[in-house]
Structures are given as C-alpha cells and as structure tokens.
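This report describes a protein model together with its ligand.

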Amino acid sequence: MEKIKNFEEIVNHLKATGYVYQGSEIYGGLQNSWDFGPLGVSLKNNIKQLWWNEFIKKQPNNVGIDSAILMNPNVWKSSGHLGGFADMMVDCKNCQSRFRADKLIEENTSITQLDGKSSEELDEIIKTNNIKCPKCNSNNFTNARAFNLMFKTFIGTLEDSKSSVYLRPETAQGIFVNFANILRTTRKKLPLGIGQIGKSFRNEITPGNFIFRVREFEQMELEFFTHPGEDMKWYQYWVDYCYNFVLKLGIKKENLRIRQHSEDELSFYSKGTSDIEYAYPFTSWGELWGIANRTDYDLKQHQDGSKKSLEYLDPYTNEKFIPYCIEPSVGVERMFLMILCDGYEKEMVNDEERIVLKIHPSIAPIKAAILPLTKKLSDESLKIYHDLMQEFDVEFDESGAIGKRYRRQDMIGTPYCITFDFDSLQDGAVTVRERDTMQQIRIPISELKEYLKTKTKF
Ligand code: ATP
C-alpha cells in the first residue's frame, strides 16, 4: 500500500514540475497518452544520446540506422507479427471490462511465467484459482482469446486490404530488412551490431501505470549479429553490459535483478532470454530491458519471405551462413520512469522537508542553475549564464530567497547551483552547491566550464 502511495506522489511530482503532462489535456485527455514537458523532453533526449554513445558510437563493431515506421506489410508476415503478435484477453461478462489474461493471473495469484500458455490453459488457471474481476468482483469471464496488438491504418485514398499498413510494434524489423544493405555499404564484418532508436506502437489491452505501459513509446534496440558458435558468449556479454550500464547510471542495486527465462517461457526460436527488471513502486518487479538470443530466426524468416539472400560470406573461411542475433531491447519511457522513481527522495533538512531528484548528472535535464544572491547582481550573473548556455543546459533564477531557489532546483534534479555573491565581484569566484551532499565549494568563474564538464560525465 505504501509503495502505491509513493508512486502517486512521484507521478504528481512529475506532472507538477513539467516532466510529463496528460496527453491532449485541454480536451479531457486521451486515455494513457502522455506528453513530455520541457524537463521531460530534455531527460528523454539525454537518455537517448547516452544510449547512442554507449551502444553505437563507442562500439567499434556497431553502426546505427533510422528506418521507416511504415513498412511493406510482408515484413510483418515474415516476422510473425501478423499471425502471432497477440496477447490473450478476457472480458468480464458482468461489467464488460477487458483484461490481459496473463496479467490478471499474475496480479491475483503467485503464478508467473505465463508466456506461451494456450487460451485453454489460461481459462483453466482463471477458473481453478477463482479469480475475480478487479473492477466488479464477479468471476464470470469470457474464454481467453487472441488480440493482435498492431495498429492498422491505410496508405493513399482507398481503405481496402491492398492499402493497409501497420504502425511498427518494434524497431527491430527495420534493422533485419536492412541487414544486407548495411553489410554491402559499410563493408563491416561479423560480429556486427546495428542499433536504432525510434517510436513503436502497440495497441495494448491494458496500458497503465503511468508511462510504464503505453500504446506509443520509444525503443532503443540493438541487433548484434554473430557467428553461430559465438552467440552464447555475446549473449552473456550484452546481458552484463546492459546491467552495468544501469548500475553506472546510479540505479540502486537492490532495486535491480536479472531474471532468466525458464525453458517453458522461452520463445520457440530463442536460445536464451534475460530480463533486467526494476522494482517499480507500483509492482514487485517490472521488465526494463529484454536481452534475447534470437538465433538465426529473423534473418531466416526474411530470407524466406523476400527470396533475397541474407547469408553472410565469411571472408576468412569462405563459409556461408545466416548469422545469429543477440537483441538487447529497452523502452525509453521505462528507463525514464526507473530513473525518476529511483532518484525521488524526501529528506529532512533543518526540520524542513526537501524533495530531491537524485539523477545522474550526465542525464539531468538542467546541469546547473545560476543564482545571483540579490537582483543587484543579476547583470554580472547573466554573463555567466549566457556563457555556460553555449555548452550546457542551464537555468537562471533570480527570484526568492536563495534557500527556496536551491529547493526548486533539487525538485527538478539539477546537480549544481552556482551562486554569484558580492565577493564574486572582487575575487572572480562563485559558490557551487552540490545537490546530493548540499556541500558548497568556491570555484573561479574561469574554471566553471571545466568543472561542469568533468562532473557531468557518464
Ligand atoms: P511486456 O511483457 O511488458 O508487454 P514485452 O516482453 O512484450 O513487454 P518487448 O517486446 O521485449 O516487451 O519490448 C522490448 C522493450 O520495449 C521492453 O523491455 C520495454 O522496455 C519496452 N516496451 C515494450 N512494450 C512497451 C509498452 N507498451 N510501453 C512502454 N514500453 C514498452
């Protein structure tokens, strides 16, 4: 119960500070759609930039791509999404509420790992456990049936089956269909990673928990192609790499775990899947990042579907084969939510409560706030502000008591406050206050840029 209360508090805090707004709010909103405000978009951009640096730019084997959202429908036929990208849903016959069968079971029993269960098996579990509708408490459900999660739309003026297209439910397929293009144009060798950041769409049956499960979200996906014999080595490499990335972001270790999928939970083509899970405040554990060894399944499917060879010719052995693929896939919103939930803290300072977002300085939306001690010092302080803004996201605030201004910055997660006082006019130095320790040091203005650069590194 306490956890749920905290989550509401965090959500309200993020709405009040301009991280996230209700989508289409002035029209009464659109269910489960969210807009990202000035701080939110900055945090999101920083997360994406950081992922790109760590997964593409600093990786000699990896390259990036930006593929189209709308693709030839045959892509989805080959990938299996048209036939199989479905969740099992049940309706309450009494109040007509609709639920994802696996989530209904997970939330009302101790049973987990329901991936791959047939509709009959899910019906049986719901009946034998006498699961009740969370909305009206009745136990009268329809049988479980499959619901395809892809959004369908039409291109051109005719709304017929020939012109139907789908909003992509993942970015990965845009990578698979460009595998041969990338090999040809970059002349890269295996192992080769191709990464992409972009919007994905899923018509989720039960979206919710704020931005945890939404219908429109962004993914950061890497498809890492290897020789078949080296796949498990690389699989383990990427599981560790992703986990260490999250730790380096400062996320508390006790809130993280790696959950390996059991044999009966694995997709039929997967040789191994691990989820990095976070203890989101609204649940015990929720998926942040999925890392899967997808074998040669996807390239084989597209080779069969397109009738174009997607084989790799090994230049050293002259062997021809379809590479195996390791996929670390993470949602931007899930990472965003984890960072803010983990960083949200309330502390008592001199008998006053302070709310602080302890987020890693490298991704903080505002790196520093420039605060003149009094308005008389604004002109001099503005010079520092305009100079720093060329390289950093900074804010200027001259109104209110200095303590209040510190709190305002703590609330939005600004790691450094730079105060310009009367001494600054004489000694050319400013006071820099650090968000988490609240310690203050004196720094020459000429060294501020170097200081911030060092302190805001990942
Ligand atoms: P779930 O079991 O939670 O529905 P999934 O296993 O279907 O997730 P994947 O298909 O593996 O998810 O997607 C990769 C990543 O994309 C997930 O780990 C998650 O971070 C993100 N993601 C997936 N679906 C959503 C969604 N509806 N809203 C926000 N992020 C999502």
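This is a predicted model: local features need pLDDT of at least 70, side-chain atom pairs count only at pLDDT 80 or more; totals for chains, interfaces and linings use all residues.

Helix H11, made up of residues 332-343, has twelve residues and reaches 16 Å from its first C-alpha to its last, close to the 16 Å expected at 1.5 Å a residue. H11 is mostly covered, since twelve of its twelve residues are buried. The buried residues of H11 include Val332, Met335, Phe336, Met338 and Leu340, together with the charged-type names Glu333, Arg334 and Asp342.

**Ligand shell.** The ligand has 15 residues around it, of which Glu204, Arg213, Val214, Glu287 and Leu288 come nearest. By residue type, this shell divides into five nonpolar, four polar and six charged residues. Three strands each supply at least two residues of the shell: E10 (216-226), E13 (286-293) and E16 (324-331).

In soluble globular proteins, nonpolar side chains tend to be buried together. In this model, the largest nonpolar core has 59 residues, and Tyr19, Trp289, Met335 and Met338 touch the most other members. At least two residues of this core come from each of helix H1 (2-17), helix H2 (38-57), E10, helix H9 (231-248), strand E12 (272-278), E13, E16 and H11. H9 gives the most to the core, with nine residues. Another core, of 18 residues, lies apart from the largest one, and its members include Ala172, Ile182, Phe321 and Ile322.

**Glutamate 218.** Strand E10 also holds glutamate 218. Is this residue buried or exposed? Glutamate 218 counts as buried because its relative accessible area is 9%, below the 20% cut-off. Its side chain makes a polar contact with the side chain of lysine 44, at 2.9 Å.

**Threonine 109.** The loop between helix H5 (101-108) and helix H6 (119-128) contains threonine 109. With 16% relative accessibility, threonine 109 falls under the 20% limit and therefore counts as buried. Which backbone atoms lie by a polar atom of its side chain? One is the backbone oxygen of isoleucine 105, at 2.8 Å, and another is the backbone nitrogen of isoleucine 111, at 3.0 Å.

**Histidine 302.** Helix H10, which spans residues 297-306, contains histidine 302. Histidine 302 counts as buried because its relative accessibility is 5%, again under 20%. Along the chain, histidine 302 and asparagine 74 are 228 residues apart, yet their C-alpha atoms are separated by 9.1 Å.

Methods. Residues are numbered from 1 along each chain as its sequence is written. Side-chain values use heavy atoms; hydrogens and water are left out. Helices (H or I, at least four residues) and strands (E, at least two) are DSSP runs, numbered from the N terminus. The expected span of a helix is 1.5 Å times one less than its number of residues. Buried means under 20% relative accessible area, exposed over 50%, partly exposed in between (1.4 Å probe, protein chains only). A residue is near a molecule or strand if one of its heavy atoms lies within 4 Å of it. A nonpolar core is a set of buried Ala, Val, Leu, Ile, Met, Phe, Trp, Tyr and Cys residues joined through side-chain atoms within 4.5 Å. A polar contact is a pair of N or O atoms within 3.5 Å; within protein, one must be able to donate a hydrogen and the other to accept it, and residues adjacent in sequence count only if both atoms are side-chain atoms.
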